[in-house]
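Please keep the display open while you read.

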Amino acid sequence: MKTIIIGSLMIFLTNQTKAQSLARPYYGFRLGLTAHPTFGSIKAEEGKRKGTNLGFSYGLMGDFNFAENYSFNTGITVTTINGKSTEKNAMPYHAVVSSTAPVAYDLKYKMQYVEIPLVVKLKTSKIGAIKWFGQFGLSNDFRIKARQDASNTNGVLADNVNASDWTRFYRAGLIIGGGGEFDLDEHTSLMGGLSFNNGLTNITNSKNMVRNHFVSLNLGVFF
């Protein structure tokens, strides 16, 4: 009887060790670094966008893996979103214009935020050397810098002025994207992907709804 009990205990411990060994790549927390370009644009209710503008994002990212193919992703990055637009009666510049006729202003927004994403990632099993993923979630952005250029038919009205007084501190965005991870060793992997961050909130204090969006070429490494 003692031999049977000891044998059963050894089998149980062996199975538990194997299970933990198999689970190790999928569960727990992973921390990484990211640095990548962004391609921003501006959409105004009373105006039109003018192409895309290059920005940059860098910081920390983390994955909380709660199942083999599911994880919660967050992090903290400094993200620059640049974009150009033509807007009607843009404030505060229009406040000094005496004419009551509509005036078009060419604006460039240069916004910098601390970004904290809250994202769910859905992952495949390894296909060849790569594990593919899709992601969906919310972007929470807190303004740390706002600069602006402005001009109209009369010439340059502002050149890289501080726009903090007429832009909002908080920005929310909807994130959707995907990509893949390539393992370099047991603990280190490279990540690459593409995502779209769709601005949901007005970035200015004016009644004219102005939102900024960007496409991000995501690059990073998990350790």
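1. P92 is placed in the loop between β4 and β5, where strands, like helices, are DSSP runs numbered from the N terminus (E, at least two residues, for strands; H or I, at least four, for helices). The peptide bond that leads from M91 to P92 is cis, and its omega is near 5 degrees. This is a predicted model, in which local features need pLDDT of at least 70 and side-chain atom pairs count only at pLDDT 80 or more, while totals for chains, interfaces and linings use all residues. Residues are numbered from 1 along each chain as its sequence is written, and side-chain values use heavy atoms, with hydrogens and water left out.

2. The loop between β4 and β5 also holds N89, which has a positive phi of about 55 degrees although it is not a glycine. N89 is partly exposed, with a relative accessible area of 25% (buried is under 20%, exposed over 50% and partly exposed in between, with a 1.4 Å probe and protein chains only). A101 lies in the loop between β4 and β5 as well, and with a relative accessible area of 39% A101 is partly exposed. Although A101 and N89 are 12 residues apart along the chain, their C-alpha atoms are separated by 8.9 Å. Once its neighbours within four places in sequence are set aside, A101 is in contact (heavy atoms within 4.5 Å) with N89 and H94.

3. A positive phi, of about 60 degrees, is also found at N160, again not a glycine. N160 belongs to strand β7, residues 155-162, and is partly exposed at a relative accessible area of 34%.

4. For the chain as a whole, the secondary structure comes to 1 helix and 10 strands, and the order along the sequence is α-β-β-β-β-β-β-β-β-β-β. Of the 223 residues, 40% count as buried. Among the contacts with a separation of 6 or more, 67% involve residues 24 or more positions apart. The chain exposes about 12,400 Å², of which carbon and sulfur atoms supply 64%.

5. Which strands pair with β10, given that pairing requires at least two DSSP bridges between them? Strand β1 runs antiparallel to β10 and is joined to it by 10 bridges, with A44 standing opposite V210 in β10. Strand β9, residues 189-199, likewise pairs with β10 in the antiparallel sense, over 9 bridges, and here N197 stands opposite F214 in β10.

6. Leaving out residues up to four places away in sequence, Y93 touches Y105, L107, Q148, A150, L157, A158, V161 and W166.

7. T80, in strand β4 (residues 70-88), counts as buried at 16% relative accessibility. Apart from its neighbours within four places in sequence, T80 is in contact with T38, G55, F56, M111 and Q112.

8. The count of aromatic pairs comes to 7. F29 and F64 form one that is tilted, with 4.6 Å centre to centre and 40 degrees between the planes. Because F29 lies in strand β1 and F64 in strand β3 (residues 53-67), this pair ties together parts that are 35 residues apart in sequence. F64 is partly exposed, with a relative accessible area of 39%. Y93 and W166 form an edge-to-face pair, at 6.1 Å centre to centre and 80 degrees between the planes. This pair links distant parts of the chain, Y93 being in the loop between β4 and β5 and W166 in the loop between β7 and β8 (170-183), 73 residues apart. Rings of Phe, Tyr and Trp (its six-membered ring) pair if their centres lie within 6.5 Å, and planes under 30 degrees apart count as stacked, over 60 as edge-to-face and the rest as tilted. Ring pairs also link F29, F64 and F72 into a cluster.

9. Two charged side chains sit over rings (NZ of Lys or CZ of Arg within 6 Å of the ring centre and within 35 degrees of the ring normal): R30 lies over the face of F222, at 4.2 Å from the ring centre, and K121 lies over the face of F133, at 4.2 Å from the ring centre.

Conventions. Accessible areas come from the Shrake-Rupley method with a 1.4 Å probe; for residues, only the protein chains shown count as cover. Two strands pair if DSSP finds at least two bridges between them.
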